[in-house]
Amino acid sequence: MAAKDRDRFSTATRLRLLGEQTAARVYRSQNRRQARRSRLTGRAAFLALVVCSLVVALAYPMRQYVSQQDEIADQERLAQEAKARTEELRDEKARLQDDAYIRQLARTHLHYLLPGETGYTVIDPDAVKEREGRTDESGRPWHSNLWDGVDSADRD
């Protein structure tokens, strides 16, 4: 028994036991890590693969869908504008069928007068001042400047 006790307390035996215990701990922790890691990693990899596949598969159709919705909205807006313009033109056509409206347009825009009426043209003093302010530095009439421009273009 003394040999057994001495063998139990020997450095070689203690080192061997310590090595076996350490190896067992490392083996157990590796098994636990591998078991956990392998299940989680496989699921995570599959999930990532599925998500990436969905993103890739749906990215282009979604982009097309959004751009088509924008185009549809633009076309609907253009159709509404065209309808509004059509209604305006129909209203104008109906007004142009009326002789009184035609006379009013002729009097307003073309300065037509009915027989026996006297027409007057009133010059706005503010408009004359604006026109005088727009003359060029030479103070010459516009047609003189025009002919000078033509002459200078001929010389060049």
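Mentor: Start with a cut-off: buried means under 20% relative accessible area, exposed over 50%, and partly exposed in between. Keep in mind that this is a predicted model.

Trainee: Why is Asp148 called partly exposed?
Mentor: Asp148 has a relative accessible area of 34%.

Trainee: What makes Arg140 and Asp148 a salt bridge?
Mentor: The closest N and O atoms of Arg140 and Asp148 are 1.9 Å apart. The cut-off is 4 Å, from a side-chain nitrogen of Lys or Arg to a carboxyl oxygen of Asp or Glu, so the pair qualifies. Side chains of opposite charge can pair when their charged atoms come close.

Trainee: Where is Arg140 found?
Mentor: Arg140 is in the loop between α4 (125-133) and α5 (142-155). Arg140 is partly exposed, at 37% relative accessible area.

Trainee: Why is the link between Arg140 and Asn145 called a polar contact?
Mentor: The side chains of Arg140 and Asn145 are joined at 3.0 Å. The limit is 3.5 Å for a pair of N or O atoms, so the name holds.

Trainee: What makes Arg107 and Glu117 a salt bridge?
Mentor: Their closest N and O atoms are 3.0 Å apart. Arg107 lies in helix α3 and Glu117 in the loop between α3 and α4, so the pair ties together parts 10 residues apart in sequence. Both ends are partly exposed: Arg107 at 37%, Glu117 at 34%.

Trainee: How are Glu81 and Arg77 placed in helix α2?
Mentor: They are 4 residues apart in helix α2 (residues 11-96), which means a separation of about one helical turn. Glu81 forms a salt bridge with Arg77, with the closest N and O atoms at 3.1 Å. A search of the whole structure finds 6 salt bridges.

Trainee: What does the record say about residues 65-99?
Mentor: UniProt, in an unreviewed entry, places a "coiled-coil region" there. In the model, that span is 94% helix and 0% strand, and its end C-alpha atoms lie 53 Å apart.

Trainee: How many helices and strands are in the chain?
Mentor: The chain has 5 helices and 0 strands. Of its 156 residues, 2% count as buried.

Trainee: Where is confidence lowest, and where is it highest?
Mentor: Confidence is lowest in helix α1 (residues 2-8), at a mean of 58, and highest in helix α3 (residues 99-109), at 92. Where pLDDT is low, the predicted coordinates should not be read in detail.

Key: Residues are numbered from 1 along each chain as its sequence is written. This is a predicted model: local features need pLDDT of at least 70, side-chain atom pairs count only at pLDDT 80 or more; totals for chains, interfaces and linings use all residues. Side-chain values use heavy atoms; hydrogens and water are left out. Helices (H or I, at least four residues) and strands (E, at least two) are DSSP runs, numbered from the N terminus. Buried means under 20% relative accessible area, exposed over 50%, partly exposed in between (1.4 Å probe, protein chains only). A polar contact is a pair of N or O atoms within 3.5 Å; within protein, one must be able to donate a hydrogen and the other to accept it, and residues adjacent in sequence count only if both atoms are side-chain atoms. UniProt positions are given in the numbering used here, feature names are shortened, and annotations may be inferred rather than shown by experiment. pLDDT is the predictor's confidence in each residue, from 0 to 100.
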